[in-house]
Amino acid sequence: IIGNLPPKEGRILYMACVDPHLVSGADVVIDSNPKLVESLEKVQTAFLRRLLGLGAYSMRAPLFTELGLIPLSYRRIILALRYVGYLVDPKTSPYARAALEDSYNLYLNSHQGYWMDLALVMSKLRYPVALPGLTGLTPDLCADLAKEVHKSALKHLDGEVQASTRLYLLHDRLEPLKDEAPQKITLILRHYLELVTNPNHRKAITRLLVSQHPLAIERMRYKSRYHRVEVPRDLRVCRFGCREIESVEHALFFCKKKTELVECRRGFVNAMQGFDPTVLTVAPWNATRVLRGLIFRRDTVCQVAKYAYKVFAIFNGEVMVWP
Ligand SMILES: [Zn+2]
């Protein structure tokens, strides 16, 4: 059921029905042992993968960058910092404040406790955030610290996307916003997840963007029961026998060995030429740029998604050529 839910509604459902279970107690129990939070993170990633229609081997960072959600470990630290902000508020019960001071004194004497755990998890982030001393800490400062942790999460996710060659279509992308100029945004519910309403087309464009499609360049990357070695990139050739690498660009723009594919492409190019005339003269050197240009536009993305769905179906209809 989740797989065909529109992502916007799926996200609401996640925040209302799943997230409360995953963050329960995060304000008072700090995840000082990463192993213990792993089981909760698995629930989060499994739900988000299903919502996007991705498999278990899909990369983790795009689950968050595409749906506009923050990874659970960061969210739990932010909730703990909000709780500390509540405890240091003069309006809060002095007993709660006294307990916090007690754990801070333990920390100053190198003993374990709430404060030490919180300082530790913040220092172990990919981009660490320092927890200042309790003296002088105010609710506003705690809110600023929570923002720093949020920024650390964004930097982490941005770094993961930019460092992955598989996510080349997402590198330095500008999000096409409805009434504003395109902007670089790390976390947001992406335009294609809202605009492409056909679930099959939406899953096809998502798989294309995060490299979880059925083309050989991706499929032959993995070992399987019948194919025990990873195939070198230049041997992942087109299943229709044209000796080119079976990449996204080859399948969408250049493969001419399958009549059905060529006819399907003709219809796509005719529909797209009014938006971007370069689609008529696309060549290997600018194919990725043309493709990205058509995907990251609000008025063309539905057509690209539909075309990607049809192309993947054509390739799925033929057995891959394993070397
Ligand atoms: Zn081909």
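**Exercise 1. Is His250 buried or exposed?**

Solution. Take the relative accessible area of His250, which is 6%. Compare it with the cut-offs: buried is under 20%, exposed is over 50%, and partly exposed lies in between (1.4 Å probe, protein chains only). His250 is therefore buried.

The model is predicted: local features need pLDDT of at least 70, side-chain atom pairs count only at pLDDT 80 or more, and totals for chains, interfaces and linings use all residues. Residues are numbered from 1 along each chain as its sequence is written, and side-chain values use heavy atoms, with hydrogens and water left out.

**Exercise 2. Which residues coordinate the zinc ion, and through which atoms?**

Solution. Look for donors (N, O and S atoms within 2.8 Å of the metal, 3.2 Å for Na, K and Ca; water is not among the atoms, so sites may look incomplete). Cys238 (SG), Cys242 (SG), His250 (NE2) and Cys255 (SG) coordinate the ion at 2.1 to 2.3 Å. Their sequence spacing reads C-x3-C-x7-H-x4-C.

**Exercise 3. Why is the arrangement around the zinc ion tetrahedral?**

Solution. Check the angles between the four donor atoms: they run from 97 to 125°. Four donors count as tetrahedral if all angles lie between 85 and 135 degrees. The arrangement is therefore tetrahedral.

**Exercise 4. With which side chain does the side chain of Asp19 make a polar contact?**

Solution. Search for a polar contact (N or O atoms within 3.5 Å; within protein, one must be able to donate a hydrogen and the other to accept it, and residues adjacent in sequence count only if both atoms are side-chain atoms). The partner is the side chain of Arg75, at 2.7 Å. Asp19 itself is buried, at 3% relative accessible area.

Notes: Tetrahedral: all angles 85-135°; square planar, octahedral: opposite > 155°, others 65-115°.
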